[in-house]
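The stops below run from the whole chain down to single residues.

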Amino acid sequence: MKSIFLFFGLFVGLLAAAQTETTATLQGRVENELGRPLQGAYISIKDTQHGTNTDSLGRFILQARAVFPIKLIVSYVGYAPQELSIRSGNGNNLLVQLQAEYYKDTVVITSRRRKEVLQDVPIAISVIGGNQVAEAGAFNVNRLKELVPSVQLYSSNPRNTGLSIRGLGTTFGLTNDGIDPGVGFYVDGVYYARPAATTFDFIDVERVEVLRGPQGTLFGKNTTAGAFNITTRKPTYRPGANFEVSFGNYGYVQAKASVNGPIGKKLAARLSFSGTQRDGVITNVLTQKKLNDLNNLGFRGQLLYNPTEKIEILFAADATRQRPDGYAQVIAGVAPTQRAAYRQFDQIIKDLNYKLPSTNAFDRIIDHNTTWRSGNDMGGASINADFKVGSGTITSTTAWRFWNWDPSNDRDFTGLSSLALSQAPSKHKQWSQEIRWAGNLAKSLTGVFGVFAFGQDLNTDPVHTEESGEHQWRFVQSTTSALWKTPGFLKGYGIHTTSELNTFSGAVFGQLDWAIADRLHVLGGLRYNYDRKQVDFNRQTYGSLKYVDTTVLTAAQIATLRSYEQGVYSNQYFNVEADNNNLSGQLTLAYKVTGKINAYTTFSTGYKPIGLNLGGLPTEGGKPMTQLAVIKPEYVNHYELGVKTSPLPGSTLNLVVYESDIKDYQAQVQTADLSVNRGYLANAEKVRVRGVELDANFRINSNFNVYTNIAYTDGIYESFTNAPLPLEETGAPVAFKDISGGRLPGISKWAGSLGGEFAFNGHLLGQAGKYFLAIDSYARSEFSSNPSPSKYLIVDGYALVNARFGFRISNGFSAHVWGRNIFNKNYYEQLLPGAGNAGQYAGVLGDPRTYGITLKYAL
């Protein structure tokens, strides 16, 4: 770590030494939009390290070496920076007025490919700045969801991660790689195909845009529920560096750094780093190890080339890795099933002379005897090129990415050796190419037109393994025959799966914005998709009667034991190729009632392509149900009505009402069939989600602001007549159930956040800046944690409160102390049935109370 910081410091020093300077004296005053002085504002000369801070009256005097005309940069935390051009003799009595971010009415919405007034954008969208992300401790998407209550993220490990908006998106539960996510995840315009990307730490984020509702006429990859659009900080021609380190309980250490500056007149670079470590919060009493720790490391490098004023080329490369001892789940309870008494979980462990280490999940104690491992690596490279041509801009985005996954799990959640091995190592590679034009077609007509191509390969590395242990026989015992007790039966018996998934997606898309009148706009867009998927799936059993002494058994007994084995694991093979196409689009009518009220209504259609089952198929009569290898595409009709208002200067109040109707909803379901690894995919005939969202921000004055976001979401299966049984009905005479009218998983009817910040001027270590006290709270009502509603798999509602107090300044030293979940609320993020549905179910535990201090220094 020391060598990294030494390198960054040397790099910044070399950049600064390269500047050419002559004597200049500048003085003046900096104030806010209300004419009040801003103490601690930072004034610097562009492309140099010469700078100073304002005093308590907002005054400054800057003596430096520079050449007229001088480019002066004035910045202050929470305000939009301003650039001034100063000619010789005009550097005295300068008056600079900065505009607070809350009063700032323009933001760059990259999803719309142009700079525009946020409140005028006819899309339900939340924009969170990088500083707010960092100070709130939201260093990944899972924490960011507390600021945007319409977002749901569930992760039992990086691979098994689901990201949803308004309850739609990635299928809930264990991941099946054969389907596309319904929420697009983009970083600097590059689409990330695997949901595991959402578990990595943010690196040098400038802002996060969360778009709600179907997207596709502007984005590269079609999405049915929304999109996360993350923009990182680009290189600039002004040298600078930022360093940050945090320390907290549970051995928490997080370090972040970035250096930035020119390496030529037309070339600038930026190098960023992030590392996070924390001890585990769950104790394995068998090994005396702490599990569910954090061990993350990430780098990102960028080169910006501007050969002319009309051309900008950005090359970026990144690499991140996670090496935690996690993600262990703790048994949260036991559900009685409809199986015979001897097949109930409590009876099974009694017969095996086993006792759970604790019946209270929040004791955070386990005794798992299979290693939890989550080796997670991701990275790639991209080139973004912008060419200004006439009245528009041509943009090309070329990218290649990889994802490597090396896991090990204890899927029976106990110290028994039931599932001895559960490992699904995989390698993923993807490429994407997008070319689009955005600009003005006429005085009242603007547009975006583009083409997009995407391909991916996902392979087992080299095989996926599920292997039974010495106690497996008792968990899967289906008769009272004494043969089940044969010594060594099922031990070492398992399956090796090899699979290769190849996909291609191509699209042509466009959108027009026609200003019929000054206040009335009509926006229409179309998208044509073509998707092709091919999978080669081969699962073979191994280790049959490996530890059984067959010399003491008759031929009939051996045959019976082998039939028992086939009821646990069986061979499966299928090779499937499928393709389809779709035309979707949207129509929006936007009307600006007054300068402070903007209303819009939208109808859009969305589409998720065909899915392929890559977790194995359920069996019927001992044979795989190959008719389930391919599942139908998912189609969405979406209706939305929104009103955006600015009732007071610096304040916003927005309301959205929506409904999404889905045909052939792609659901991920868990079964009692052990041969179906991580569940299988199925189509629910009809699903309906409707809701109301209220977003409000109020800036009382320059020192005090509050915000609230409230989401009401109602999602049900309108028709799902062939759904799997819930946990408590396992063993019923029928294998499927009509759950029409049941609630969709992962959706709280009510979710919301409330927070605010109070700040006041002050000094720290001789620096002028602002002290601040901020509180953020997040609450949600109960939700179903299983695709088929189960009364045992309902996660209770909970509320969390986070707080921080500190001192901030644009350039120099800043510090704050922070606490997350400060009332130490015990809560589940997810509940999961054990493999085979024996009755036990486990919980993904939310973090306990954490606290610490963050120190920052900016050059």
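Strands here are DSSP runs of E with at least two residues, helices are runs of H or I with at least four, and both are numbered from the N terminus. The model is a predicted one.

**Whole chain**

Start with everything selected. The protein chain holds six helices and 57 strands. Its C-alpha trace spans about 105 × 60 × 45 Å along the principal axes. For 859 residues, a compact globule would have a radius of gyration near 29 Å, and the value for the protein chain, 29 Å, agrees with that. Colour by accessibility next: buried residues account for 59% of the 859 residues. Of the contacts between residues at least 6 apart in sequence, 71% join residues at least 24 apart.

**Cis peptides**

Select Pro462, in the loop between β33 (445-460) and β34 (464-468). Then go to Tyr327, which sits in the loop between β26 (311-322) and β27 (330-334). Gly326 and Tyr327 are joined by a cis peptide bond too, with omega about 10°.

**Positive phi outside glycine**

Move to Leu765, in the loop between β49 (750-764) and β50 (767-780). Phi of Leu765 is positive, near 55°, although the residue is not a glycine. Is Leu765 buried or exposed? Its relative accessibility is 69%, so Leu765 counts as exposed.

Now select Asn821, in the loop between β54 (812-820) and β55 (828-833). Asn821 is a non-glycine residue with a positive phi of about 50°. The relative accessible area of Asn821 is 5%, so this residue is buried.

**The end of β46**

Ser719 belongs to strand β46 (residues 704-719). With a relative accessible area of 17%, Ser719 falls under the 20% limit and is therefore buried. Show its surroundings: beyond the neighbours within four places in sequence, Ser719 is in contact with Ala684, Glu685, Lys686 and Ser740.

**An open sheet**

Select β12, β18, β19, β16 and β17. In that order they make an open sheet of five strands, with mixed pairing. β12 (124-129) and β17 (190-191) are the edge strands; each has a single partner strand, so one side of each has no neighbour in the sheet. Look along β12 and strand β18 (residues 205-212): the two pair in the antiparallel sense over six bridges.

**Nonpolar cores**

In soluble globular proteins, nonpolar side chains tend to be buried together. In this model the largest nonpolar core has 64 residues, and Leu144, Phe185, Phe228 and Tyr665 have the most contacts inside it. Centre on Phe185 and show what it touches. Apart from residues up to four places away in sequence, Phe185 touches Val141, Leu163, Val190, Tyr191, Tyr192, Ala197, Thr198, Phe228 and Ile230. A second, separate core has 30 residues, including Phe489, Tyr493, Ile558 and Ala838.

**Aromatic rings**

Display the side chains of Phe, Tyr and Trp. How many aromatic pairs are there? The count comes to 30. One of them is formed by Trp403 and Trp405, a stacked pair with 6.3 Å centre to centre and 15° between the planes. Trp403 and Trp405 are both buried.

Go on to Phe603 and Tyr639. Their ring centres are 5.2 Å apart and their planes stand at 40°, so the pair is tilted. Phe603 is in strand β38 (residues 597-608) and Tyr639 in strand β43 (residues 634-645), so the pair ties together parts that are 36 residues apart in sequence. Phe603 is partly exposed at 35% relative accessibility, and Tyr639 is partly exposed at 38%.

For a group of rings, select Phe758, Phe760, Tyr771, Phe805 and Phe807, which ring pairs link into a cluster.

**Charges over rings**

Show Arg401 and Tyr192: Arg401 lies over the face of the Tyr192 ring, at 4.0 Å from the ring centre. Tyr192 was also among the residues that Phe185 touches. Then show Lys491 with Tyr547, where the charged end of Lys491 sits over the ring, 4.7 Å from its centre.

How values were computed: Residues are numbered from 1 along each chain as its sequence is written. This is a predicted model: local features need pLDDT of at least 70, side-chain atom pairs count only at pLDDT 80 or more; totals for chains, interfaces and linings use all residues. Side-chain values use heavy atoms; hydrogens and water are left out. Buried means under 20% relative accessible area, exposed over 50%, partly exposed in between (1.4 Å probe, protein chains only). Contact means heavy atoms within 4.5 Å. Rings of Phe, Tyr and Trp (its six-membered ring) pair if their centres lie within 6.5 Å; planes under 30 degrees apart count as stacked, over 60 as edge-to-face and the rest as tilted. A charge sits over a ring if NZ of Lys or CZ of Arg is within 6 Å of the ring centre and within 35 degrees of the ring normal. Two strands pair if DSSP finds at least two bridges between them. A nonpolar core is a set of buried Ala, Val, Leu, Ile, Met, Phe, Trp, Tyr and Cys residues joined through side-chain atoms within 4.5 Å. The radius of gyration is taken over C-alpha atoms; the globule rule is 2.2 Å times the number of residues to the power 0.38.
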